[in-house]
Amino acid sequence: MITRRAGWIVGALAVALALSMIAPGAFLALAVPAAVVGSILIRRRPRGHEDGDAADRLLAAAATLTGERASSDGEQVDWGAALRAELATITVPRERRRFAVGAAVALLGRPHSRRSLVVAAGVAVAFGAGLLGVSRAGLGDDGLGSVTMLLPPVLLFASAYLCARSTRSLRFGLETGLVAALATLVAVAVVYGVEAAHWYHLAPDVSVLDGDHVDFDSTRAAVLDAAHPIILLVHLVFWSPWPVLGAWAGCRHREPPPADA
Amino acid sequence: MRRSRKPTPQTIAVVLALADNPSGWSHGYYLCRQLGLKAGTVYPILMRLAERGQVETAWETDPPSGRPARHLYRLSGEGARFAEQLRAAAAAELPRASRSGGLIRPTLGEAF
């Protein structure tokens, strides 16, 4: 078993090394949240489940990610503990796997999404409106690119942090932060498109992305330059660690799980 | 404001299974087996019913050594009224289906 695990580690390191040489920025942006989530799952795995089977580990991971705990007044049920306790009564391996998969789906699919959508929409609309205001005030020398690259990580971190901390739920923080990232990306695409067209009529040779002089031959070319899918993808990759880190930081304020839960 | 939706056949089945055991508590896995439903179906229903106050939950008080206490479920007073409404609606539905010549399929929830 140790040999197999060592093989996985060596393989992962080799892939990481290759990726870091090909695209270091993208590698860092993806590796940081993956490492954070991995460390959360390892460090917060409930006691008594270290030697469990695959079903046990799956359900423990889902319970850890969802992360709700019973409130002191008993109003909030610890569904993760309830499902793990139920799994402990099932002995047939196939039944255990089936139950664990269904239970994990039940835990991960709990309806936080409406609140997540509201918060995410609020973040996206606020940022979009602010970006529009900045653009109309003047592009300056740097265009809008520095704003759209640097400000959303702060907003995404803050929204994920506050949501995770207020609800004591890692999943709610993650869900809100990641949905907010996607919604903000849509807002950025829309504002870039609108503003590229707007500035093309005022100053046809200025890029809204970086304020550089570029010869656009049409409004369409100016819009595509700003709201290009690759540009948007780079934004998303750059932003993605921050909601994960925010949710993780928000969850660190929670109480430790009960020993026998 | 809570939206009122028509309950799914699976929700009806869970509520009526709990109603059939009014004095005692049921386990989630027992409900899965009794109704032939997956945990991914039964537990979201139990979670919703608990959040609406239609199901009461409790932890087993004296579990056998070697395993943790199980989580138990039973209908609350509001849940019992909900079950009665479902039975009444099903009773009103049955003669109508018979008159129209429609088949009453023996699938989950249809019998209720």
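How many residues of chain A are in contact with how many residues of chain B? In this predicted model, 18 residues of chain A contact 16 residues of chain B, where contact denotes C-beta atoms, placed from the backbone, that lie within 7 Å. The model is predicted, with pLDDT of at least 70 required for local features and pLDDT 80 or more for side-chain atom pairs, while totals for chains, interfaces and linings use all residues. Residues are numbered from 1 along each chain as its sequence is written, and chains are lettered from A and ligands numbered from 1 in the order in which they are written.

- On chain A, α4 (79-87) and α5 (93-108) each supply at least two residues of the side that touches chain B; helices (H or I, at least four residues) and strands (E, at least two) are DSSP runs, numbered from the N terminus.
- The largest share of that side of chain A, six residues, comes from α5(A).
- The residues on the side of chain A that touches chain B comprise 11 nonpolar, three polar and four charged. In this classification Ala, Val, Leu, Ile, Met, Phe, Trp, Tyr, Cys and Pro are nonpolar, Asp, Glu, Lys and Arg are charged, and the others, Gly among them, are polar.
- From chain B, B:Tyr43 touches A:Leu83, A:Ala103 and A:Ala106, as well as B:Gly28, when residues up to four places away in sequence are not counted.
- B:Tyr43 lies in helix α3 (residues 39-51) of chain B.
- B:Tyr43 is buried, with 29 other C-beta atoms within 10 Å; a residue is buried if 20 or more other C-beta atoms, placed from the backbone, lie within 10 Å of its own, exposed if 12 or fewer, and partly exposed in between.
- B:Tyr43 and B:Gly28 are separated by 15 residues in sequence and by 7.1 Å in space, C-alpha to C-alpha.

**Helix packing in chain A**

- The axes of α4(A) and α5(A) come within 10 Å and cross at roughly 170°; axes are lines fitted to C-alpha atoms, for helices over the stretch in contact, and angles run from 0 to 180 degrees between N-to-C directions.
- α4(A) and α5(A) are therefore roughly antiparallel, given that angles under 35 degrees count as roughly parallel, over 145 as roughly antiparallel, 65 to 115 as roughly perpendicular and the rest as oblique.
- A:Trp79, A:Gly80, A:Leu83 and A:Leu87 of α4(A) form this contact with A:Arg96, A:Phe99, A:Ala100, A:Ala103 and A:Leu107 of α5(A). By class, the contact of α4(A) with α5(A) has seven nonpolar residues, one polar and one charged.
- Helix α3 (residues 54-66) of chain A packs with α5(A) at an angle of about 10°, their axes being 8 Å apart. The two helices, α3(A) and α5(A), are therefore roughly parallel.
- The contact of α3(A) with α5(A) has 13 nonpolar, one polar and two charged residues.
- Helix α8 (residues 170-202) and helix α11 (residues 241-251) of chain A pack at about 155°, with axes 8 Å apart. This angle makes α8(A) roughly antiparallel to α11(A).
- In the contact of α8(A) with α11(A) there are nine nonpolar, four polar and no charged residues.

**Fold and sheet of chain B**

- Chain B contains four helices and three strands, and its pattern along the sequence is α-β-α-α-β-β-α.
- Of the 112 residues in chain B, 25% are buried.
- Among contacts in chain B between residues at least 6 apart in sequence, 57% join residues at least 24 apart.
- The three strands form an open sheet in the order β1-β3-β2 (chain B), with antiparallel pairing; strands pair if DSSP finds at least two bridges between them.
- β1 and β2 of chain B are at the edges, each with a single partner strand, so one side of each has no neighbour in the sheet.
- Helix α1 (residues 9-19) of chain B packs on this sheet and touches β1, β2 and β3 of chain B, its direction making about 90° with that of β3(B).
- Strand β1 (residues 26-27) of chain B pairs with β3(B) over two bridges. B:Ser26 stands opposite B:Tyr73, and B:His27 stands opposite B:Leu72.
- Strand β2 (residues 55-59) of chain B is joined to β3(B) by five bridges, and B:Tyr73 is the bridge partner of B:Thr57.

Definitions and conventions: Two residues are in contact if their C-beta atoms, placed from the backbone, lie within 7 Å.
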